[in-house]
Amino acid sequence: MKMQKTFLAGTLMLLLAVQGCKPKDSDIQSAVQSKEITGVIVSVNDGVVTLSGEVADASAKANAETIAGGQKHVKSVVNNIGVAAPVAPDVTDAPVTIASDEPLMASVRDAIKDYPGVTATVSSGVIMLSGSIKKERNMKLMMALNGLHAKRIDNSKLTIN
Amino acid sequence: MALTDKYKTLIDAAGTERVSNLQVREQDGVLYIDGTAPSGVAKDSLWAKYEQLDPNFSSGDVVMNINTAGDENATKAKVVTESSNLNIRKGPGTDQPIVGKAAHGEEVSIISRTNDQWWLVRSVDGEEGYAYAQYLQA
């Protein structure tokens with residue numbers, strides 16, 4: 001009789017322990033919801049997260065999925081978030097603002113300061129690059145140069161390696 | 001092929017990423033794309049798309065001037081150089097004398113934004129001057 005009781009108690013304790021280990025959907029839901037931005041609605045069923053609601057752009061939608069997928073005990077993510085309609089570009093004939101050569105050369109000089117292998121000249125709004133740059137740094141340099149109101153950026157003489 | 005056709009997916013991406021004040025113009029063989037992206041992530045994804053369409057940016061037929069919004073009211077920024085210190089200068093130009101430095105990863109206070117390239121900042125050590133905004137993340 002005593003052995004039966006012990007066995008029952010043991011089984012009960014094991015069951016309770018296992019039950020405590022299983023992640024609850026409500027816990028997952030509150031954990032994910034607290035990490036998501038406004039507009040995202042999180043529901044969880046059996047470890048599967050479903051995202052809905054609306055966000056401003058495609059990046060935010062993708063980000064929401066990454067956040068949910070990164071949460072412990074989430075089996076998979078269904079992403080039904082709506083994205084607000086895209087902005088239509090204003091394709092215009094308004095003339096482009098081109099900086100004059102002297103201030104443009106000064107700002108180009110600042111931009112290439114951090115790229116010792118790169119040299120630049122400016123003529124009639126065109127930035128002409130030469131020298132060399134590592135491929136993985138090229139985008140950062142181009143991002144800086146594209147903000148200076150040049151007419152054109154010519155890197156045909158620049159070695160990218 | 002008109003440049004708006006060549007770069008159609010880039011222009012579409014700008015719309016999808018909800019770039020505000022998006023302006024697209026073609027002038028003298030160059031496509032000008034201007035606007036303000038809602039986040040740094042959105043801006044980066046547009047640049048990745050641009051590189052996809054024109055590897056190494058060698059065609060030289062685009063000038064894409066996309067700013068990042070959302071940081072206009074920020075009063076602090078993080079130094080995001082690759083690893084080196086960021087120079088703080090007396091004036092907004094790399095020819096200006098260095099008055100201090102902010103370490104990689106350090107926070108600075110933004111006093112004012114002189115222009116897109118140079119911001120007036122104060123480091124944690126109290127050094128005040130101009131820093132190159134490309135290396136600051138608000």
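Here is a short exchange about a predicted model with chains A and B.

Visitor: Which element of chain A has the lowest mean pLDDT?
Guide: Chain A has a mean pLDDT of 89, and 93% of its residues reach 70 or more. At the top among its elements stands strand β7 (residues 126–133), with a mean of 98. Where pLDDT is low, the coordinates should not be read in detail. The lowest mean, 67, belongs to helix α1 (residues 2–21) of chain A.

Visitor: How many helices and strands does chain B have?
Guide: Read along its sequence, chain B runs α-α-β-β-α-β-β-β-β-β-β-β-β. That chain has 3 helices and 10 strands.

Visitor: What share of the residues of chain B counts as buried?
Guide: The accessible surface of chain B is about 6,500 Å², and 45% of that belongs to carbon and sulfur atoms. Buried means under 20% relative accessible area. Of the 138 residues in chain B, the buried share is 46%.

Visitor: What part of the contacts in chain B comes from residues 24 or more positions apart?
Guide: The count takes contacts in chain B with a separation of 6 or more. Of these, residues 24 or more positions apart account for 53%.

Visitor: Is B:Asp61 buried or exposed?
Guide: B:Asp61 sits in the loop between α3 (40–53) and β3 (62–68) of chain B. Leaving out residues up to four places away in sequence, B:Asp61 touches B:Leu3, B:Lys6, B:Tyr7, B:Gly29, B:Val30, B:Leu31 and B:Asp54. The cut-off for buried is under 20% relative accessible area. Because its relative accessible area is 8%, B:Asp61 is buried.

Visitor: Which elements give two or more residues to the lining of the largest pocket?
Guide: The largest pocket has a volume of about 940 Å³. Its lining has 33 residues, with B:Lys43, B:Thr68, B:Ala133, B:Gln134 and B:Leu136 nearest the centre. The elements that give two or more are α5 (135–145) of chain A, plus α3, β3 and β10 (136–137) of chain B.

Visitor: How does the lining of the largest pocket divide into nonpolar, polar and charged residues?
Guide: The lining of the largest pocket holds 33 residues. By class they are 14 nonpolar, 12 polar and 7 charged.

Visitor: Which element gives the most to the lining of the second largest pocket?
Guide: The second largest pocket holds about 250 Å³ of space. It is lined by 14 residues, and A:Lys113, A:Asp114, B:Leu86, B:Asn87 and B:Tyr135 are closest to its centre. Two or more lining residues come from α4 (101–112) of chain A and from β5 (86–89) of chain B. With 3 residues, the element that gives the most is β5(B).

Terms used: Residues are numbered from 1 along each chain as its sequence is written. Chains are lettered from A and ligands numbered from 1 in the order in which they are written. This is a predicted model: local features need pLDDT of at least 70, side-chain atom pairs count only at pLDDT 80 or more; totals for chains, interfaces and linings use all residues. Side-chain values use heavy atoms; hydrogens and water are left out. Helices (H or I, at least four residues) and strands (E, at least two) are DSSP runs, numbered from the N terminus. Buried means under 20% relative accessible area, exposed over 50%, partly exposed in between (1.4 Å probe, protein chains only). Contact means heavy atoms within 4.5 Å. pLDDT is the predictor's confidence in each residue, from 0 to 100. Accessible areas come from the Shrake-Rupley method with a 1.4 Å probe; for residues, only the protein chains shown count as cover. On a 1 Å grid over the protein atoms alone, a cavity is a set of points where a 1.4 Å probe fits but cannot get out, and a pocket is an open set with protein on both sides within 12 Å along at least five of seven lines; lining residues have an atom within 4 Å of a point. Grid points are joined across faces, edges and corners, and a volume is the space filled by probe spheres set on the points. Ala, Val, Leu, Ile, Met, Phe, Trp, Tyr, Cys and Pro count as nonpolar, Asp, Glu, Lys and Arg as charged, and the others, Gly among them, as polar.
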